[in-house]
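Trainee: I have a new model to look at, and I'd like to learn how to read it. Could we go through it together, one question at a time?

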Amino acid sequence: MNLLAISGSLRRDSYNTSLLRAAEELLEPGDTLELWQGLREVPPYDQDDDVEPAPAAVASLRAAVAAADAVLIATPEYNSSIPGALKNALDWASRPIATNVFRNKPVAVIGSSVGMFGAVWAQAELRKVLGATGARVTEGEVAIGHAGERFDEKGRLNEPNLAQEVHEVVAALLADARSAQTSQHADNVGEGLEP
């Protein structure tokens, strides 16, 4: 399974980016994780600019999501909600709505913040937005509060129970992705599209 990881933070030493790297270390052999790093380059969404060819960063995001078997997003929380850059990128990726790259794509949301609640409100908002795009949002939550105390100097989680929570969400996401592939294969065989 090929997992695309998107961090909602632009900060160089982002805890959420570290969280995605922690998730990569928990993958089974044969599964891969690609960290998409183009968030900073995505321009503000403007319907007048939503034409083909799309802006380069938008095309990159759409292609990365389309190529992935599943998507894992880690978000911080800004003013009790999703960071603007992340929401903007999702707005671009959700167009056109009927055939957007997130439609039926298995997606999981995790997050961390320096506050005590671990970005739970931002995660809830993000699940709502992803649901509106037609994504298959995986159940499960990882909410890492007081993030500055939960990662070591190398950016690794320093509490085994948190690593276990991340592992459980990633395992559920990959199970959803495998199920989606099986369903798609059965549909294609039923329609005579594959031998």
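Trainee: How far apart are the end C-alpha atoms of helix α2 (residues 56–67), and what span should we expect?
Mentor: Good place to start, and keep in mind that this is a predicted model. Helix α2 has 12 residues, and at 1.5 Å a residue these should span 16 Å. The computed distance agrees with that expectation, because the end C-alpha atoms of α2 are also 16 Å apart.

Trainee: Which residues of α2 are buried, and how wide an arc do they cover around the axis?
Mentor: The buried residues of α2 are A57, V58, L61, R62, A64 and V65. They lie on the same side of α2, because around the axis they cover an arc of only 165°. An α-helix has 3.6 residues a turn, so residues three or four places apart point the same way. For α2, then, the arc you asked about is 165°.

Trainee: Which exposed residues sit on the face turned away from that buried side?
Mentor: Look at the face of α2 turned away from its buried side. Exposed here takes a relative accessible area over 50%. The residues on that face that qualify are A56 and A67.

Trainee: What do the buried residues of α2 pack against?
Mentor: Three of the partners are strands, namely β1 (2–7), β2 (32–36) and β3 (70–75). The buried residues of α2 also pack against a helix, α3 (84–93).

Trainee: Let's move to S14. Is it buried or exposed, and what is its relative accessible area?
Mentor: S14 is placed in the loop between β1 and α1 (15–25). To count as buried, a residue must be under 20% relative accessible area. S14 is therefore buried, since its value is 2%.

Trainee: Which residue has its backbone nitrogen 3.0 Å from a polar atom of the S14 side chain?
Mentor: Start with the contacts of S14: leaving out residues up to four places away in sequence, it touches S7 and S9. The backbone nitrogen that lies 3.0 Å from a polar atom of the S14 side chain belongs to T17.

Trainee: Now the whole chain: what is its radius of gyration, and why does that fit a compact globule?
Mentor: The C-alpha trace spans about 55 × 40 × 25 Å along its principal axes. With 195 residues, a compact globule would have a radius of gyration near 16 Å, so the chain agrees with its 17 Å.

Trainee: How many helices and strands does the chain have?
Mentor: From the N terminus on, the elements run β-α-β-α-β-α-β-α-β-β-α. In total, that comes to five helices and six strands.

Methods:
Residues are numbered from 1 along each chain as its sequence is written. This is a predicted model: local features need pLDDT of at least 70, side-chain atom pairs count only at pLDDT 80 or more; totals for chains, interfaces and linings use all residues. Side-chain values use heavy atoms; hydrogens and water are left out. Helices (H or I, at least four residues) and strands (E, at least two) are DSSP runs, numbered from the N terminus. The expected span of a helix is 1.5 Å times one less than its number of residues. Buried means under 20% relative accessible area, exposed over 50%, partly exposed in between (1.4 Å probe, protein chains only). The arc is that of the directions from the helix axis to the C-beta atoms. Contact means heavy atoms within 4.5 Å. A polar contact is a pair of N or O atoms within 3.5 Å; within protein, one must be able to donate a hydrogen and the other to accept it, and residues adjacent in sequence count only if both atoms are side-chain atoms. The radius of gyration is taken over C-alpha atoms; the globule rule is 2.2 Å times the number of residues to the power 0.38.
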